[in-house]
Every structure is written in structure tokens, then in C-alpha cells.
Amino acid sequence: MREERGRVAAVGLRGVVSAVAVLMLATGCTWQQRQLARADIPGTWAGGDAGTLRFEADGTVVATGLAEYNRDGDKVSECSGTGEWGLYPDDKAAKLLTITVCDGNPWKFGGSKAHPKMRRGVGDPDQGNFQTLSREERKSPGASGPPTRTMRTAPGGLDK
């Protein structure tokens with residue numbers, strides 16, 4: 001009888017762990033905060049229908065079709081324009097990025113060093129909705145043509 005209770009408890013615990021893992025993925029709790037230096041920012045950051053930000057080394061930023069959201073986290077309009085960008089707490093170890101064009105929360109950095117991302121909360125903070133942009137691959141000096149996409153091949157030959 002005691003062994004049976006132990007199995008029931010183990011099955012119940014696995015269910016709770018699975019539910020917590022799904023909840024963490026659904027709410028974005030797996031986001032790993034990163035720090036980026038000023039030199040890591042210039043370039044184009046895009047996010048599908050979330051819009052595009054192009055950062056210049058001189059501190060200017062150009063927003064194109066940057067999505068704006070209401071309190072419910074629904075996209076209600078787009079913003080485009082030119083402004084300035086800045087990092088906090090400093091240019092060497094930035095955790096946040098702010099822009100003076102298009103209203104909204106500051107951007108936080110995440111992703112990997114090779115594929116950085118930035119995101120900001122949108123809508124009601126209790127809902128956990130985010131707008132995420134990824135930096136487009138940088139071209140090497142002298143390269144021409146459209147950016148290339150790198151594809152990884154998984155074991156068995158399936159492309160990812």
C-alpha cells in the first residue's frame with residue numbers, strides 16, 4: 001500500500017513539473033537577460049509584423065512600421081520616424097536600450113551572443129506580452145547582395 005502511494009505521488013509530481021514548464025514557456029520566463037555593449041547595437045533589428053529598428057553608430061535610430069499595442073496587448077497601429085538611442089547603465093555593459101521615437105517601454109537584451117534579441121513588454125504587464133526583435137545578420141565589409149541565411153542540418157538530414 002505504501003509503495004502504491006509513492007507511485008501516485010511521483011506521477012502527481014511529474015504532472016506538476018510538466019505544468020510549470022509549459023507555463024514558463026507560455027509566459028516567457030525562459031528569457032535569459034544579456035548585456036550588450038554599444039558596439040553590439042548598430043545594424044537592423046526586425047521582428048516580422050513587430051516592425052524594424054535600424055541603429056546607427058552615431059546614436060540615431062530609424063523606426064519603420066514599429067508595432068504599437070493597447071493595454072490588452074493587441075497591435076493597434078504602427079510608428080515610423082527618426083530619433084536617438086541610448087543604453088543603460090552604460091555603453092560597456094548595457095541591460096536596457098531606450099529610443100526617443102515611438103512610445104513604449106525600454107528594450108531588454110536576450111538571445112545568444114551570436115544571435116542577440118531585444119524585447120519589451122507590451123500591454124498589461126500582468127499578461128506577459130512582449131514585442132521581440134532580432135538583429136539581422138551583419139555583412140562583412142565589401143560584401144554585396146542580400147543577407148544570406150544560414151541553415152543547420154540536423155542528424156538525419158532534416159533542415160532546421
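This briefing describes the largest pocket and the salt bridges of the structure above. The model is a predicted one. Its largest pocket has a volume of about 230 Å³, and the count of salt bridges comes to four.

**The largest pocket**

- Of the 10 residues lining the largest pocket, those closest to its centre are Ala114, His115, Arg135, Glu136 and Glu137.
- Two strands, β7 (116-122) and β8 (129-135), each contribute at least two residues to the lining of this pocket.
- Sorted by class, the lining of the largest pocket consists of five charged, three nonpolar and two polar residues.

- Asp91 and Arg38 meet through their side chains in a salt bridge, with an N to O distance of 3.7 Å. Because Asp91 sits in the loop between β4 (75-88) and β5 (96-99), while Arg38 sits in the loop between α1 (2-27) and β1 (43-46), the pair ties together parts that are 53 residues apart in sequence.
- Both partners count as partly exposed, Asp91 at 39% relative accessibility and Arg38 with a relative accessible area of 26%.
- Another salt bridge joins Asp124 to Arg71, whose closest N and O atoms are 3.9 Å apart. This pair links distant parts of the chain, with Asp124 in the loop between β7 and β8 and Arg71 in the loop between β3 (60-69) and β4, 53 residues apart.
- Asp124 is buried, with a relative accessible area of 18%, whereas Arg71 counts as exposed at 56% relative accessibility.

**A further salt bridge**

- The side chains of Glu78 and Lys75 also form a salt bridge, at 3.0 Å from N to O, and Lys75 counts as partly exposed at 37% relative accessibility.

Notes. Residues numbered from 1 in each chain as written. Predicted model: local features only at pLDDT ≥ 70, side-chain atom pairs only at ≥ 80, totals over all residues. Heavy atoms only, no water. 1 Å grid on protein atoms, 1.4 Å probe; cavity = no way out; pocket = protein on both sides within 12 Å on 5 of 7 lines; lining within 4 Å. Points joined across faces, edges and corners; volume = space filled by probe spheres on them. Helix = DSSP H or I, 4+ residues; strand = E, 2+ residues; numbered from the N terminus. Nonpolar A, V, L, I, M, F, W, Y, C, P; charged D, E, K, R; others polar. Buried < 20%, exposed > 50% of the residue type's maximum accessible area, 1.4 Å probe, protein only.
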